[in-house]
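Please examine the structure below with some care. The paragraphs that follow treat a metal site, a pair of rings and the packing of helices.

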Amino acid sequence: MVKILIDNGHGVNTKGKQSPDGRLREYAFAREIAKRVESCLKCKGYDVERIVPEDFDISLSIRCKRVNDICRKVDAKNVLVVSIHSNAAGCNGKWYGARGFSAHVGLNASSNSKKLAACLWDKAIELGLKGNRAVPNDRYIPQDLAICRNTLCPAVLTENLFYDNKEDLELLLSEDGKAAITKLHVDGIIDYINNVLR
Ligand SMILES: [Zn+2]
């Protein structure tokens, strides 16, 4: 049985990380999507755990430890972690033009991490969440990210649209947008399990 771990970035005590008009806070958005992804996958019979049930910020080292404790108990090959975020082009309370989804892996990413990222990005494109970003051929962006670098299982960090873009923000706050972002995670993870792991 595959163990699906969902990480939600940041906490109620994380400063900044909000839309210029204050309507979206990244920690709250990430938790809402994480809960939706968890319950949707559980309904389909998958084994899912959110590694940060708390509302406050849990340090990356503790989050990585929580993932790795599970990886050591079961076979790390059958574990995956997706860390859910939303992007910002600036951190200065201004609006920007960049829009769309991206999937990030560590600089030391395994081939399965890259395949998981591609499954998620493919679904995002299918669901019309490409935005105005250039999509790399491989459908992942390598980046030095602790949650990817220091975990023992395939790991992807998703940046779900830009909360400092006016159009993306409307989508992020809408039921249609939240449903699409939930669906891309659920369907992308199931695709990975069915087509890469089996
Ligand atoms: Zn973030």
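Along the chain, the donors of the zinc ion follow the spacing H-x15-E-x58-H. In this predicted model, the zinc ion is coordinated by His10 through NE2, by Glu26 through OE and by His85 through ND1, at 2.1 to 2.2 Å. Histidine 10 belongs to the loop between strand S1 (3–8) and helix H1 (26–43), whereas glutamate 26 belongs to helix H1 itself, so the pair ties together parts that are 16 residues apart in sequence.

Are these two residues buried or exposed? A residue counts as buried when its relative accessible area is under 20%. Histidine 10 has a relative accessible area of 15% and is therefore buried. Glutamate 26 is buried as well, because its relative accessibility is 2%.

The next feature concerns aromatic rings. The structure holds one aromatic pair. Its members are phenylalanine 101 and tryptophan 121, whose ring centres lie 6.0 Å apart and whose planes meet at 75°; the pair is therefore edge-to-face. The reasoning rests on a cut-off, since planes over 60 degrees apart count as edge-to-face. This pair links distant parts of the chain, 20 residues apart: phenylalanine 101 is in the loop between strand S3 (79–87) and strand S4 (102–105), and tryptophan 121 is in helix H3 (residues 111–126). Phenylalanine 101 is buried, with a relative accessibility of 1%. Tryptophan 121 also counts as buried, at a relative accessible area of 1%.

H1 packs with helix H6 (residues 175–197) at an angle of about 50°, and the axes are 9 Å apart. This angle makes H1 oblique to H6. The crossing in which H1 passes H6 is right-handed. Which residues of H1 meet H6? Among them are Phe29, Ile33, Val37 and Leu41 in H1, and the residues they and their neighbours meet in H6 include Ala179, Ile181, Val186 and Ile190.

H3 packs with H6 too, at an angle of about 135° and with the axes 8 Å apart. H3 and H6 are therefore oblique to each other. H3 likewise passes H6 in a right-handed crossing. On the H3 side, the residues in contact include Leu116, Cys119, Leu120 and Ala124, while those on the H6 side include Leu184, Gly188, Tyr192 and Val196. His185 and Ile189 of H6 are listed among the residues that meet H1, and both are also among the residues that meet H3.

Terms used. Residues are numbered from 1 along each chain as its sequence is written. This is a predicted model: local features need pLDDT of at least 70, side-chain atom pairs count only at pLDDT 80 or more; totals for chains, interfaces and linings use all residues. Side-chain values use heavy atoms; hydrogens and water are left out. Donors are N, O and S atoms within 2.8 Å of the metal (3.2 Å for Na, K and Ca); water is not among the atoms, so sites may look incomplete. Helices (H or I, at least four residues) and strands (E, at least two) are DSSP runs, numbered from the N terminus. Buried means under 20% relative accessible area, exposed over 50%, partly exposed in between (1.4 Å probe, protein chains only). Rings of Phe, Tyr and Trp (its six-membered ring) pair if their centres lie within 6.5 Å; planes under 30 degrees apart count as stacked, over 60 as edge-to-face and the rest as tilted. Axes are lines fitted to C-alpha atoms, for helices over the stretch in contact, and angles run from 0 to 180 degrees between N-to-C directions. Angles under 35 degrees count as roughly parallel, over 145 as roughly antiparallel, 65 to 115 as roughly perpendicular and the rest as oblique. A crossing is left-handed if the near helix is turned anticlockwise from the far one by less than a right angle, and right-handed if clockwise. Contact means heavy atoms within 4.5 Å.
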